[in-house]
Amino acid sequence: MVATNRIEVKKTYKLFINGAFPRSESGRVFEVHSKKGEFIANPCLASRKDLRDSVTAARAAQHGWAKATAYNRGQILYRIAEMLEGRAEQCAAEISTTTAITPLKAQSMVSEAIDRWVWYAGWSDKLSAVTGATNPVAGPYYNFTIPEPLGVVVVTASDSFIDFIDAIAAAVVSGNSVIALVDGGLSVPAMTFAEVLATSDLPAGVINILTGSLDELAPWAASHMDVDGFDISAISKKKRAELKVAGAENLKRIYIADGKLTPSRILAFMEQKTVWHTIGV
Amino acid sequence: MTFEYAPALEPRAIVTIKPKYGHFINGSFVSGKRHFPTINPATEEILSHLSLGSASDIDKAVAAAQKAYTKTWSKLSGKERGKYLYRIARILQERAREFAVLETLDNGKPIRETRDIDIPLVAAHFFYHAGWADKLDYAGLGHSPQPYGVAGQIIPWNFPLLMLAWKVAPALATGNTVVLKPAETTSLTALLFAEVCQQAELPDGVVNIVTGDGSTGATLVNHPGVHKIAFTGSTEVGKKIARAIAATDKKATLELGGKGANIVFDDAPVDEAVEGIVNGIFFNQGHVCCAGSRLILQESIAEEIIEKLKVRMAKIRVGDPLDKNTDLGAINSREQLTKIQELAAIGDAEGAQRWSPQCNLSDKGYWFAPTIFTGVTQAHRIAQEEIFGPVLSVLTFRTPQEGIDKANNTPFGLSAGIWSEKGSRTLWASQQLRAGVIWANTFNKFDPTSPFGGYKESGWGREGGKHGLAAYLKTGRESGGK
């Protein structure tokens, strides 16, 4: 027997840190409303302590993620696409409910986001072939340059689900661990996406997602000495300078995307290592 | 019986130093209002007086570079730009000895190094980049990558002309024009390079050189007409530059400090390792950002290596940089000598054991004997801070992982050395080390085809090789992911 006026079981929106879904240690939440003004959810308003905990988790996970074979990382990213496909309707519905985007457009955005995961997945084992080099030095040395992941990277997202996916995928594919800071209504589909990650064989701590206020979280990320890279693409132009100033303290690699789908965004969070070895008998 | 070396002095008559120099702006020399002396650090003799670049000098230089960019340089094909660079490379080869002697006089580094390393690498750098000028479409930066415009470049005193080449050659090859600020204590070879630009008939304003101190450099960094900053120097100044340009769209490459680790495993070729350790820290008086200033020895071989190292160090010839037999020349300035003395004294105070061979150091000029500190721990300041002098800190390890952890335990990440005869161990160590340049069974090797630059607080970006071009080009059109 199906009840006609069944009371829906609503989801509690939490954070995604180290593979688990904790509430903010601060106990803070913020309200998300639909464009018609109806209450949708109380996502967590992440605190500085949540950010620090995420950095600790991300740092602990990074070495193992970078050490995984490129083939393995590529398969896990592809698995994310598979899992997101199964959640596509839910994500699209959340996007069109919490933002000004129409349902049809939201569906095509999620489809595109899934395809982006496939695109990034394929990069994992091609980066060193495309962007590395063997260098013909004038001497008896074998000399090569290979790209390596940077370490812990914080990325930002505020409006677009595709930008959110791009920022995370570009940083994570090479072997970085990531903390995504998400603002506003995007927090709702973002936490549904965290459930996708939780079922994608992604090691705990490799991707962490914090919902809340970019204005509040970004300066803390910029000044955190154990964060190596910071994608500030979602930060408004007038607030970028102060983040760059704070980031200079440990010479963070700070990046602003140009909106084109190219490997530049992946390379922005990689280092190039050059190795010389003697040749002789 | 011992055979003493007789002095074999390189004649200095090949160089003519003018009593006073101006800036090189828009193709000609222009005197500044104020001047400051530049000396030979081996004798404290005043070599010349240089113009102290003011805000108005920088204005004029940037305007000249901007005009040259718009009117001539950006209109030339890559092929024609390349030919200018080839000309410069050839003239540098022709005048190599003159440059080597002048560099030694002004910097204090041994003639053996300027003659055999610095100047040949300078010419090679121009020759290499000349060939890129018409092949930028194939550099992996998309179709038709574009230059930024005016590059403001600030270089240090440790490899004066080589750092000029690392900056100027890629900037010109990629179609940018340049305002260069050489280091306060070592500007003479840059000013001689200006003559090379004239001989090569490089269009006016493509290269401009403004001499001066830190304030001149800061004015250049902050000038609104500069689109791209390239800096080599201290991490402290690098961070200042990063902050200074935070509110602008200026791009920056920063080649900063280091505290390079030379790791010697128990299966290392010992005699080669000892040579490599000496070259790693005593090359160029240790005034090398990528110097192997920390020696990290596997415990089982530490005693043997240190003993052999001391025997080898006793044979280092410290003295007149113009003597072709000299291994270790003068410290570049009184200021730098004081800094080295202070950090060495801190090494003593923190409990490390200092050792130097007997050296007869001249009363005149700035000198520091080759020095090692043993019994250094990771917490010691001489294991964490860049000394930028001929001072080596020795640490030990038991397991390979401990060696790597110690090597990675500084805020820097510029260089590292690995000494081992086992290929799999060497490759493993090269993967674990967080540094931009790794030398395996060698150290302090440089080549224009080989990218150079640091991880972490050792800087942003790479210089040299295909990767160095990215520093001077906006990514061109790409076909995208579809």
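Me: Which residues is A:Gly175 in contact with, leaving aside its neighbours within four places in sequence?
Reply: This is a predicted model, and in it A:Gly175 is in contact with A:Trp65, A:Ala66, A:Arg73 and A:Pro149, once neighbours within four places in sequence are set aside.

Me: Where is A:Gly175 found in chain A?
Reply: A:Gly175 sits in the loop between α6 (161–172) and β6 (177–183) of chain A.

Me: Buried or exposed, A:Gly175?
Reply: A:Gly175 counts as buried because there are 25 C-beta neighbours inside 10 Å, and the cut-off for buried is 20 or more.

Me: And what separates A:Gly175 from A:Arg6?
Reply: Their C-alpha atoms are separated by 45 Å, and the two residues are 169 residues apart along the chain.

Me: Take A:Ala170 next. Where does A:Ala170 lie?
Reply: A:Ala170 is in helix α6 of chain A. A:Ala170 has 29 C-beta neighbours inside 10 Å, so A:Ala170 counts as buried.

Me: What does A:Ala170 touch, not counting residues up to four places away in sequence?
Reply: A:Tyr120, A:Arg265 and A:Ile266. As for A:Arg116, 54 residues apart from A:Ala170 along the chain, the C-alpha atoms of the two are separated by 9.7 Å.

Me: What does β10(A) pair with in chain B?
Reply: β10(A) pairs with strand β17 (residues 437–440) of chain B, in the parallel sense and over four bridges. Within that pairing, A:Val275 has B:Ile438 as its bridge partner in β17(B).

Me: What order do the strands have in the open sheet?
Reply: The sheet has 10 strands, in the order β3(A)-β4(A)-β10(A)-β17(B)-β16(B)-β11(B)-β12(B)-β15(B)-β14(B)-β13(B), and the pairing is mixed. The edge strands are β3 (133–134) of chain A and β13 (353–355) of chain B, each of which pairs on one side only.

Me: How many bridges join β11 and β16 of chain B?
Reply: Four, between strand β11 (residues 261–264) and strand β16 (residues 415–419), and the two strands run parallel. B:Ala261 stands opposite B:Ala416 in β16(B).

Me: On to domains. How is chain B divided?
Reply: Chain B has domain 1 (23–256 + 458–474) and domain 2 (261–448). The C-alpha centres of these two domains of chain B lie 29 Å apart.

Me: How many residues of domain 1 of chain B are in contact with domain 2 of chain B?
Reply: 23 residues of domain 1 are in contact with 25 residues of domain 2. On the domain 1 side, α3 (96–107) and α4 (111–132) of chain B each supply at least two residues, and α4(B) gives the most, with eight residues. By class, the domain 1 side has eight nonpolar, 10 polar and five charged residues.

Me: Now packing. Which residues touch the most other members of the largest nonpolar core?
Reply: B:Leu85, B:Val178 and B:Val179, in a core of 93 residues. Helix α5 (residues 160–173) of chain B gives the most to this core, with 11 residues.

Me: What is B:Val179 in contact with, leaving aside its neighbours within four places in sequence?
Reply: The contacts of B:Val179 include B:Ala61, B:Val62, B:Val150, B:Leu220 and B:Val226.

Me: Last one, what ipTM does the predictor give the complex?
Reply: The ipTM is 0.96, and the pTM is 0.96. For chain B the mean pLDDT is 97, and 99% of its residues reach 70 or more.

Definitions and conventions
Residues numbered from 1 in each chain as written. Chains lettered and ligands numbered in written order. Predicted model: local features only at pLDDT ≥ 70, side-chain atom pairs only at ≥ 80, totals over all residues. Buried ≥ 20, exposed ≤ 12 C-beta atoms within 10 Å, placed from the backbone. Contact = placed C-beta atoms within 7 Å. Pairing = 2+ DSSP bridges. Domains from an automatic or database assignment. Nonpolar A, V, L, I, M, F, W, Y, C, P; charged D, E, K, R; others polar. Core = buried A, V, L, I, M, F, W, Y, C linked by C-beta atoms within 7 Å. pLDDT = per-residue confidence, 0-100.
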